[in-house]
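Here is a short tour of a protein model, written for someone new to reading structures. Have the sequence and the 3D view ready as you go.

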Amino acid sequence: MSPYSDKERARALLADERQRVPRAREPGRTLQADEPQRAPQAREPERTVQAYAPQRAPRPRAPERAPRPRAPERTPRTREPGREPAATAAPAVAPAIGGIRPLGRAGQAALTFALLSGLATHGYHLFEYPLYSTDEGIYVERAWSVIREGRLSPQTYFYDHAPAGWLVLGLWEFVLPRHFETFGNPINSGRVLMLLLHLASVFFLFQIARTFSGSLRAPLIATFFFNFSPLAIYYQREVLLDNMMVFWLLLSIYLLLRRERQLFAGLWSGVAFGISVVTKENAIFFAPSIYYLLSRRVRWDSRRHFGQMFWLFGAGTAISMYFLFATLKGELLPTRLSFDLSHPPRGHVSLLYEMWYQIHRNQGALFVRGGYLYTMWQPKDGVLLVVGTVAMAASLYLGWHERKQDPALLVAGTLALEIAFYLARGSVILDFYVLPLIPLYALNIGLIADRALRRIPAQTARVALPALSGFCGLLLFLPTTGYFVQHGFPGQPDHLADVYNLPLTNLQSEEIAWIRQNIPPTDKIITDEDIWVQLHDVRPYYPYAQSHWNAASDPQIRDGIFHSSWQNIDYIVASNLMKNAMKLNNAGGQEGWILDALNNHSTVVWQLKRGDVYLAIYKIQK
Amino acid sequence: MRDIIYAVIVGLSIVVTIQSAHTLYLTLYTWNRPPSEASAPEQFQPPRLSFTVMLPARHEEAVIGTTIGRVARANYPPGLMQILVICSADDEGTIAKAEEKITELRRQGVRNVSLVVFHDKPINKPHGLNAGLAKAVMDVVTIFDAEDDIHPEIFNVVNTVMGNEQVKVVQGGVQLMNFDSSWYSALNVLEYFFWFKSRLHYHARRGATPLGGNTVFFSRDLITRLGGWDESNLTEDADIGLRLSAAGEPIRIVYDDRYVTKEETPPTIRQFIKQRTRWSQGFMQTLKKGTWRELPTRRQRRLAVYTLAFPQAQALLGLYVPFSLLTILSLKAPVLVALVSFLPVLTLLGHFLISVVGLYEFADAHDLKVSPIAIPRLAFGWIPYQLLVSYASMRAVLRHMRGISNWEKTQHIGAHRELTDARGLELGEEPSRVALFRQGAGESAAGG
């Protein structure tokens, strides 16, 4: 028998019934701070009354009390994406608690579309475009070292990045039947992992946008940009720590929004966030927004202190393992505690010194002519950048004003602002640093677009929305946007976008094939990171094929193999990008001897050009 | 050889981490359930059941009078209550104090309190309870310890629960209160807090419940049928809980911050160790006795064994700490081995953080204030407290191996008691003993 009196029981059953039925979707419904289950002033001591017996049938779940009446139920079938509720519908009642709700049919269809489109746009032509990059090579190389050598790097690991990313990559490579060669080139198997992580990220972004907005429009729009943006496709295919960081970040947010609000959700969210930080350190910039979201979610929960503590504990645990690792290796602090950046301490590498160095690096700025914003990002997708920035600003403005009732827009806006600030502040900017901005801009665009569309009266919306969607779709087919079609070279016709059309990686495959046919494995080769694993993991091995970065800076390689002399180089395998990088990296003269070999003592023995990509192999004449 | 040591370190670390993480889960079990599942009855049913309250006491001269008074003035019809103070014949001091109080109450018209004196052996709590059970006449039998501060509504709560749910066994909440008396009292308080508020619910749900020694209510018929308490067992409460679980009897746990029975932590470390030794040894006796084998499902039996064997594991953990320190200082283990061996430290940190939050939850629930010194004291006392518990467990193992099983009584001084109200003074109850405790613990008296 229930412990309640009959009146209590009736109330409990009624509330149970309301819980099971899908709630009405009111216009303007967004993520809400949890409603208090009791007035804070009248907080009563925690009570637990349990009745347990082994093998007893489970008792009906007593519901949480809804302090306000709820709108009448509406079946999921009536909720079609883009359709506005009638203007004369019942006035919106304050929703009780935000949280990810089960998907109806329309929602399932929308999610399926999002996932399939992500699979198609990111999976098709995955191994052909873009060109294998240096950074892809670095991370696959390090994953290789984890599996093959039990080390974090084939060379000295100097804490340039926290290792969680390539540890995950290494685990992935390890479970594949042929490890690095499962999909041909080693970087291909990494790209398959990126594809899987992207699909998971699409799911998380969809659910986050849906929870924040209470509609299907926002997640559809958000995931559309996340999937179809050429900027997104270009970088999200690559094996980059930033892609993995985005996955953990979105997972962390998703876990906080789960409806069940399990006590340990804060812990797992914190762990996911901590892993995102030890995947790519700049994830730390998202901590304030995520913690704020957590605080708002648990505000009226009697277990809020545990939830907040667990989040901090989870995040701290994951991050502290990195510091512990350095401590155990005696590499936390620099030699003689010297943090002098102009005179790097000798002896051993140091995590804290490297962090100090990274903070003080000043090699780039965002808003400069020739910067990546203008040369890479804007040409690839100016639409996303402009619209995303406007949406972020709108989210911040609207979110600030409605933060007490609904923190969703504020959270979305600040998440984007945090990474935008990180980019805008300067310091080091590499082209793929735009990656975390993409899903967050997409989220903001989705939320603001949803808000704007809700203002259209229902009758007008029936006509206007399909027309608007069609118009936007047409725009995206214009070569100017580059989403599906892009301009050809002068005199050439417009063609399908490069992301679906242009094969580039076969250039590198031909390059490797030539090396294997013509260069003895014992020769000393300066190359880029993108082909390192291919030369070290497939027989015959090329043990003296080393990247120019390591040849210039790692004493083991610089002094042990090449003795800093061009005469100890047999071949240089370089792309135009690599040559630029070598020049940039020669500020202190560390690559001078390699450039000397390249410029003054070499002849081209092989070359290939496609578009603006140029690969060549140089034999050094001694 | 080194590889073997590394393997042992890694293996032990993983086992300890898993065990610690599981304990952490149990510690917060209730908090992880929907709040509505644990709601207390909002309304009481009219008094229907009658209660025999048994107050076993030995050398409790300092506190027994107040306890009798508080039970006597519970908010329940006196005609439905029978209060039995149980003493052994040789405990003349407590008998005298009890008789004094009973006489005083009779002068005030309270006639439902009587004294039960037993002359035979063994002189221990379960024997006293059985002696009291023979004199019990009411529907429900319950036990309170001599130092307990019960809530006046506790009988209404149990009357409602038993009546509504037709359960025959109810375990009420017991809570140590004096969290700032000494360096270890906060940790002791939190143990009770998490045990009764959370972990015991898990046990009850799984059907392997080691009951507490007081504020537990049994149908008299049931307990009589079971044969009363095991007089050879140092933890007769855990034993009877398992016997009830084996008999398939559902046990209801009621923990409501308002209605908890308030107790005190042992006033000195020596007393604390004695108490812990007794509990650990009692668990070992119960394990050896084999009642757990009668539990119907494998899961219940596993849980019972895990719980009862834990003191022995704690003893081993106590040995592990110096071993661990020795290896840290002398062994240059590979980084991966060292990282894995650090995992138990992380779970330990998790436990500590839970304790910090728990302390504030506890204080908030009872309108108490956590002083600034409480958290540093908690932090610095954490490891020594675990070592203390491990030492007590090791002592219990040794006593068990040597066949020593005498009842080491815990001293009570009423440190948890607040200043009594006017009604209490009217009934002749003693004022707060906090000053006495501080004196006893070696600190200067704070007055009162």
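## A tyrosine at the surface

A:Tyr357 has 35% relative accessibility, so A:Tyr357 counts as partly exposed (buried is under 20% relative accessible area, exposed over 50%, partly exposed in between, with a 1.4 Å probe and protein chains only). You can find A:Tyr357 in helix α12 of chain A, residues 351–360 (helices are DSSP runs of H or I with at least four residues, numbered from the N terminus).

A:Tyr357 also belongs to a nonpolar surface patch with A:Leu333, A:Leu337, A:Phe339, A:Leu341, A:Trp356 and A:Ile359, and together they have about 640 Å² of accessible area. In such a patch, residues have over 30% relative accessible area and no salt bridge, and nonpolar side chains (Val, Leu, Ile, Met, Phe, Trp, Tyr) are joined within 5 Å. A salt bridge puts a side-chain nitrogen of Lys or Arg within 4 Å of a carboxyl oxygen of Asp or Glu.

## A covered helix

Now look at α9 of chain A, residues 265–277, where ten of the 13 residues are buried. Among them are A:Leu267, A:Phe273 and A:Val277. The buried residues of α9(A) pack against α8, α10 and α11 of chain A (contact means heavy atoms within 4.5 Å).

Residues are numbered from 1 along each chain as its sequence is written.

Chain B averages a pLDDT of 85 (the predictor's confidence in each residue, from 0 to 100). Over residues 419–448 of chain B, pLDDT stays under 50. Where pLDDT is low, the predicted coordinates should not be read in detail.

Key. Chains are lettered from A and ligands numbered from 1 in the order in which they are written. This is a predicted model: local features need pLDDT of at least 70, side-chain atom pairs count only at pLDDT 80 or more; totals for chains, interfaces and linings use all residues. Side-chain values use heavy atoms; hydrogens and water are left out. Patches are made of residues with over 30% relative accessible area and no salt bridge: like charges are joined within 9 Å, nonpolar side chains (Val, Leu, Ile, Met, Phe, Trp, Tyr) within 5 Å. Accessible areas come from the Shrake-Rupley method with a 1.4 Å probe; for residues, only the protein chains shown count as cover. Helices (H or I, at least four residues) and strands (E, at least two) are DSSP runs, numbered from the N terminus. The expected span of a helix is 1.5 Å times one less than its number of residues.
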